[in-house]
Amino acid sequence: MNIQEIFEKIDNEIELNKAEMMFLLDLKNPEEIEQLFAKAYDVKLKNVGQKAYFRGIVEFSNYCVKDCFYCGIRKSNKNTERFQIPEEDVIKSAVWSYNAGYGSSVLQSGERSDSEFVDSVERMLKEIKKQTDNKLGITISLGEQTLETYKRWFEAGAHRYLLRIETTNKELFNKIHPVDELHNFETRINCLKLLKKAGYQVGTGVMIGLPFQTTEDLVNDILFFKENDIDMIGMGPYIFHEETPMAQYRKDWELDKEALLTKALKMIAVTRIYLKDVNIAATTALQALRHTGREAGLQAGANIIMPNSTDTQYRENYQLYENKPCTDENASMCRGCLQRRIEGIGETIGFNEWGDSPHFHNRQKSS
Ligand code: SAH
Ligand code: SF4
């Protein structure tokens, strides 16, 4: 297989096949990898433009009923001090994002589905909409819920939802989660369908560089995004957390930071090339690997950045993975820092815009 032939297909908008996508993900030569990123950047410019959109993220609680084997805030991790930010402070942080010109915000937390939690989220959503004159876009990332809950939150004002499938290889999914009723591959896939039914712009994604994960798995992940007509992608490198069961694979599977970053960036690039008009986030985990990891994500085809708008005092205990960056900073520092970095690479920031996924609107038009 020849890289120039693949690039020609991309230029002529001919869909790549699985073998070609695997070839790109397996590229080793640094020059060719740079060419791949440049190609993905072209596809991004053509399909979603050069603007990067900000979503101020508030990580408002680390209480979680689940026990995902990779995650630092899993239920069984007794070393994590649990916190729940009071409703009014979550609202304040979201309104802060609005006033900072972010256009959109994200609320994320550990998973709970008890009625106290569901009601509380509903109240916060309504209040945030009210206090921002219905103008702030709200994405939520609160795990698996019933259709009824998804609908209530949609009606309260959330219009996008992020639920990563984590991996589309069922066998691997079952290796990185306990196999029980709470952690079920089919349920998670079904939730993506329920979210669409409830009216959300739907985002999903996977972790990149998981133990046992193959290049073919990653290509299948991209095909899954396409088959399921996904609007937004939030993918990031998998990063070991010492206090989790998956730390046992560290010795055999841990990549050095740059190698893992390159793998994640290649995945962003090939996803952009294949899916074209979706929103793709340059996730914070990229920055855990390299100081300028998020900028590198934008240069490899991503177009969304999620600055942290969480109160600094709570950041330390929302450690899904090790070395999470920016835990000592506050929201204004994150804004200033990211703005400088992004403008530094020649991108424009879409201040005060929702920055919806063009794919969502294209999907509405064609249905
Ligand atoms: N509880 C919700 C949202 C918070 S977790 C949910 O699980 O959907 C958000 C994401 O963090 C997860 O989807 C997972 O992909 C990611 N994550 C968790 N542990 C991680 C780790 N060790 N390395 C990288 N990403 C991780
Ligand atoms: Fe909970 Fe989400 Fe972490 Fe799983 S990944 S343990 S659901 S916070």
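Biologist: Why is Cys326 counted as buried?

Modeller: In this predicted model, Cys326 has a relative accessibility of 14%, and the cut-off for a buried residue is under 20%, so Cys326 falls into that class. Cys326 is found in the loop between helix H14 (312–315) and helix H15 (331–344).

Biologist: What is said about the phi of Cys326?

Modeller: Phi of Cys326 is near 65°, which is a positive value in a residue other than glycine. Another such residue is Glu166, whose positive phi is about 75° although Glu166 is not a glycine.

Biologist: Where does Glu166 lie, and is Glu166 buried or exposed?

Modeller: Glu166 has its place in the loop between strand E4 (160–162) and helix H7 (170–176). The relative accessibility of Glu166 is 8%, and buried means under 20%, so Glu166 counts as buried. Glu166 is also among the closest residues of the 17 that surround ligand 1, as are Tyr70, Ser109, Arg164 and Ile239.

Biologist: Which polar atoms of the protein lie 3.4 Å from ligand 1, and what makes each pair a polar contact?

Modeller: An N or O atom in the side chain of Arg188 is 3.4 Å from an oxygen atom of ligand 1, and a polar backbone atom of Leu320 is 3.4 Å from a nitrogen atom of the ligand. The cut-off for such a pair is within 3.5 Å, so both pairs qualify. The shell around ligand 1 divides into nine nonpolar, four polar and four charged residues.

Biologist: How do you know which residues around ligand 2 are nonpolar, polar or charged?

Modeller: The residues around ligand 2 are Cys64, Lys66, Cys68, Tyr70, Cys71, Ile73, Arg74 and Gly110. Cys, Tyr and Ile count as nonpolar, Lys and Arg as charged, and Gly as polar, so the shell has five nonpolar, one polar and two charged residues.

Biologist: What makes strand E1 (residues 51–61) and strand E2 a pair?

Modeller: Six bridges join E1 to E2, and the two strands run parallel; pairing asks for at least two bridges, so these strands pair. Within this pairing, the bridge partner of Glu59 is Gln108, while that of Val58 is Leu107. E2 also pairs with strand E3 (residues 137–141) in the parallel sense over five bridges, and in that pairing Ser104 stands opposite Gly137. The chain crosses from E2 through helix H5 (residues 115–131) to E3 in a right-handed β-α-β crossover. A right-handed β-α-β unit is likewise made by E1, helix H4 (residues 87–99) and E2.

Biologist: Why are E1 and E2 called mostly covered?

Modeller: Ten of the eleven residues of E1 are buried, and in E2 (residues 104–109) six of six are, where buried means under 20% relative accessible area. In E2, Ser104, Val106 and Gln108 point one way and Ser105, Leu107 and Ser109 the other, and all are buried.

Biologist: Why is Asn279 called buried, and what does its side chain reach?

Modeller: The relative accessible area of Asn279 is 3%, and the cut-off is under 20%, so Asn279 is buried. Asn279 lies in strand E8 (residues 279–282), and its side chain reaches the backbone oxygen of Gly355 at 2.9 Å.

Biologist: Why does Ala40 count as buried?

Modeller: Ala40, which is found in helix H3 (residues 30–47), has a relative accessibility of 0%, and a value under 20% is required, so Ala40 counts as buried. The C-alpha atoms of Ala40 and Lys365, which are 325 residues apart along the chain, are separated by 25 Å.

Methods:
Residues numbered from 1 in each chain as written. Chains lettered and ligands numbered in written order. Predicted model: local features only at pLDDT ≥ 70, side-chain atom pairs only at ≥ 80, totals over all residues. Heavy atoms only, no water. Near = heavy atom within 4 Å. Buried < 20%, exposed > 50% of the residue type's maximum accessible area, 1.4 Å probe, protein only. Helix = DSSP H or I, 4+ residues; strand = E, 2+ residues; numbered from the N terminus. Right-handed = clockwise from strand over helix to strand, strands pointing away. Polar contact = N/O pair within 3.5 Å; in protein donor to acceptor, adjacent residues only side chain to side chain.
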